[in-house]
Amino acid sequence: MTAARPGTIGFMFRRRTPVLLTAALLVGGLAGCSTPAPAPTAAPPTPPKATTPAPRVPAGTAPAEAFAVGVRQLKLNRGGDRPLPVTLWYPARGDAGAAAQRDATVATGRFPVVAFSHGLDGRPADYQALLTRWAAAGFVVAAPTFPHTGKGTDGSVLDVLNQPADVSYVLDKVLALDARAGDPLRGRLATDRVAAAGHSAGGVTTIGLFTTGRDERLRAGVVLAGTGLGVGTAFAGTAAPQLFVHGRADEVVDYAAGKAAYDAVPWPKAMLSLPRGDHGRALLGDGAALRVVSDTTIEFLRWSLYGDEAAKGRLPASAARGDIATLDDRL
């Protein structure tokens with residue numbers, strides 16, 4: 001195994017790979033103890049038909065111009081023993097392209113909300129290159145730090161099973177800001193246009209929000225290097241389009257595991273595959289791979305949350321830029 005460069009998510013996960021794999025087996029065993037495990041079945045020769053052909057949001061148009069980005073912190077705690085500090089990135093007034101400004105004035109408009117879940121030993125700031133691009137495109141991003149899988153915690157992978165409920169709690173509190181007198185986000189949130197996204201263990205969390213911990217407020221999902229291990233792939237509830245992103249050279253979550261979860265999605269879906277992509281380096285820097293991932297995810301969110309059909313039409317071109325990735329488009 002080649003050494004990864006310090007400061008990358010790939011390096012962070014490589015150091016913890018034995019722990020991750022051991023705990024993942026325990027997660028699978030725990031899930032098997034709670035309900036009888038079905039016998040493995042081969043993937044169907046044809047994908048299941050989507051229950052609806054399009055997102056549930058009314059047709060609309062996403063903002064055409066980029067916004068400046070603001071950032072603020074929320075201190076939340078679920079049940080008194082699960083501290084969940086949340087970083088909020090949001091569209092702000094000011095010049096686009098500058099670094100995110102703390103407590104900047106919120107831009108005029110009503111913006112969809114995306115809940116983002118970090119990976120094991122991660123933190124929201126690790127993903128700011130991607131998440132600030134989402135905010136600049138017109139989305140409010142709510143990114144909690146989880147109490148047992150965040151950087152500097154005990155690193156209990158088993159606690160990933162509790163994280164879908166954490167995200168739902170965070171959404172309760174963040175969406176409530178739209179009606180809270182005096183809050184800067186009052187009247188600025190499109191509370192009926194909500195998505196979940198996450199990387200690695202956060203990708204597992206995101207899948208869980210559409211399976212065992214289905215949150216019916218969610219209109220779409222973005223799964224980055226994720227798998228259904230521990231949360232299953234019994235996607236449930238109203239159809240919610242899904243975008244999977246996975247590197248074929250992923251050294252932590254095997255590409256085949258992510259593809260199996262993707263194949264199980266019965267709704268409109270697409271999978272962006274990076275032939276040379278590892279477990280997460282494309283999500284950190286400002287390189288060509290990040291541009292492809294950010295542009296493709298933004299167009300997907302514009303379509304699924306703003307109802308922008310033109311954005312859906314731009315997805316293949318965004319994915320094909322620079323011959324860095326391929327797109328399986330079943331949207």
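Author: In helix H6 (residues 255–264), the buried residues are Tyr255, Gly258, Ala261, Tyr262 and Asp263. The model is a predicted one, in which local features need pLDDT of at least 70 and side-chain atom pairs count only at pLDDT 80 or more, while totals for chains, interfaces and linings use all residues. Residues are numbered from 1 along each chain as its sequence is written, and side-chain values use heavy atoms, with hydrogens and water left out.

Reader: Which atoms meet at the start of H6?

Author: A side-chain oxygen of Asp254 comes to within 3.0 Å of the backbone nitrogen of Ala256.

Reader: What makes H5 mostly covered, and what covers its buried residues?

Author: Eight of the eight residues of H5 are buried, namely Ala201, Gly202, Gly203, Val204, Thr205, Thr206, Ile207 and Gly208. Their cover includes strand E4, helix H4, strand E6 (189–199), strand E7 (218–224), E8 and H6.

Reader: Why are H4 and H5 called roughly perpendicular?

Author: Two packed helices are described by the angle between their axes and the distance between the axes. Axes are lines fitted to C-alpha atoms, for helices over the stretch in contact, and angles run from 0 to 180 degrees between N-to-C directions. Angles under 35 degrees count as roughly parallel, over 145 as roughly antiparallel, 65 to 115 as roughly perpendicular, and the rest as oblique. Helix H4 (residues 163–176) and H5 pack at about 75 degrees, with their axes 8 Å apart. H4 and H5 are therefore roughly perpendicular to each other. Gln163, Pro164 and Val167 of H4 and Ala201, Thr205 and Gly208 of H5 make the contact. By class, the contact of H4 with H5 has three nonpolar, three polar and no charged residues; Ala, Val, Leu, Ile, Met, Phe, Trp, Tyr, Cys and Pro count as nonpolar, Asp, Glu, Lys and Arg as charged, and the others, Gly among them, as polar.

Reader: How do you know whether H7 and H8 are roughly parallel or antiparallel?

Author: The axes of helix H7 (residues 288–306) and helix H8 (residues 309–320) come within 8 Å and cross at roughly 160 degrees. H7 and H8 are therefore roughly antiparallel to each other. Their crossing is left-handed; that term applies if the near helix is turned anticlockwise from the far one by less than a right angle, and right-handed if clockwise. Among the residues that meet are Val292, Phe300 and Trp303 in H7, and Ala311, Leu315 and Ala319 in H8. The residues of this contact divide into six nonpolar, two polar and six charged.

Reader: What is the handedness of the crossing of H3 and H7?

Author: The crossing of H3 and H7 is right-handed. The two helices pack at about 35 degrees, with their axes 10 Å apart. Ala129, Leu130, Arg133 and Trp134 in H3 meet residues of H7 including Leu290, Ile298 and Leu301. This contact of H3 with H7 has seven nonpolar, two polar and two charged residues.

Reader: Why is Gly138 called buried?

Author: Gly138 is called buried because its relative accessible area is 0%. Gly138 is found in the loop between helix H3 (128–136) and strand E5 (140–144). Leaving aside its neighbours within four places in sequence, Gly138 is in contact with Phe67, Pro91, Phe111, Pro112 and Tyr306.

Reader: What makes the phi values of Ser200 and Ala225 worth noting?

Author: Most residues other than glycine have a negative phi. Ser200 has a positive phi of about 60 degrees although it is not a glycine, and phi of Ala225 is near 55 degrees, also a positive value. Ser200 lies in the loop between E6 and H5, whereas Ala225 is in the loop between E7 and E8. Ser200 is buried, with a relative accessible area of 4%, and Ala225 is buried, with 5%.

Conventions
Helices (H or I, at least four residues) and strands (E, at least two) are DSSP runs, numbered from the N terminus. Contact means heavy atoms within 4.5 Å. Buried means under 20% relative accessible area, exposed over 50%, partly exposed in between (1.4 Å probe, protein chains only). A polar contact is a pair of N or O atoms within 3.5 Å; within protein, one must be able to donate a hydrogen and the other to accept it, and residues adjacent in sequence count only if both atoms are side-chain atoms.
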